[in-house]
Amino acid sequence: MMSSEMTVGDLIDLLSGCDRSVPVRQAMNPFFPMAHRLAQVLQSVDEADRTVVYLAEGPDPDAQIGHLPPEVAIALTWQGPVQAPARRPRRRAGGH
């Protein structure tokens with residue numbers, strides 16, 4: 001049975017096309033999309049006794065940076081494109 005989880009090899013392949021000097025951030029929580037700074041990569045064993053690698057944010061209070069940019073949340077399909085509501089014509093003084 002093929003796993004649907006991303007592997008270390010998949011991650012390395014995806015990162016290989018990126019600029020090595022830029023920061024890495026983790027997008028979290030599709031219902032309240034936030035960005036987090038990554039601080040550690042740890043290999044361990046999960047509850048099913050499988051070896052896994054965890055990407056962890058740091059303990060610093062500023063590890064959560066803030067909201068994801070809307071284009072990132074849209075690209076992740078965590079939110080749809082938002083368009084401004086249509087403007088209603090303004091009423092003019094005197095009913096004109």
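This is a predicted model: local features need pLDDT of at least 70, side-chain atom pairs count only at pLDDT 80 or more; totals for chains, interfaces and linings use all residues.
Figure 1. Buried residues make up 11% of the 96 residues in the protein.

**Figure 2. Order of the elements and overall extent of the chain.** Two helices and four strands are present in the protein. Read from the N terminus, the elements follow the order α-β-β-β-β-α. The radius of gyration is 21 Å, well over the 12 Å that the globule rule gives for 96 residues, so the protein is more spread out than a compact globule. The C-alpha trace spans about 75 × 35 × 30 Å along its principal axes. Of the contacts with a separation of 6 or more, 40% are between residues 24 or more positions apart.

Figure 3. Strand β2 covers residues 34-45 and strand β3 covers residues 51-57. The two strands pair in the antiparallel sense, over seven bridges. Val41 has Leu55 of β3 as its bridge partner. Five residues stand between β2 and β3 in this hairpin. In a regular strand, side chains alternate between the two faces of the sheet.

Figure 4. Asp49 belongs to the loop between β2 and β3. Its phi is positive, at about 65 degrees, although Asp49 is not a glycine. Most residues other than glycine have a negative phi. Asp49 has a relative accessibility of 64% and therefore counts as exposed, the cut-off for this class being over 50%.

**Figure 5. Asn29 in the loop between β1 and β2.** Strand β1 comprises residues 25-28, and Asn29 is placed in the loop between β1 and β2. Asn29 is not a glycine, yet it has a positive phi of about 60 degrees. With a relative accessibility of 40%, Asn29 counts as partly exposed.

**Figure 6. Leu15 in helix α1 and its separation from Arg91.** Helix α1 runs over residues 8-15, and Leu15 is part of it. Because its relative accessibility is 42%, Leu15 counts as partly exposed. Leu15 and Arg91 are 76 residues apart in sequence. In space, the distance between Leu15 and Arg91 is 54 Å, C-alpha to C-alpha.

Conventions:
Residues are numbered from 1 along each chain as its sequence is written. Side-chain values use heavy atoms; hydrogens and water are left out. The radius of gyration is taken over C-alpha atoms; the globule rule is 2.2 Å times the number of residues to the power 0.38. Buried means under 20% relative accessible area, exposed over 50%, partly exposed in between (1.4 Å probe, protein chains only). Contact means heavy atoms within 4.5 Å. Two strands pair if DSSP finds at least two bridges between them.
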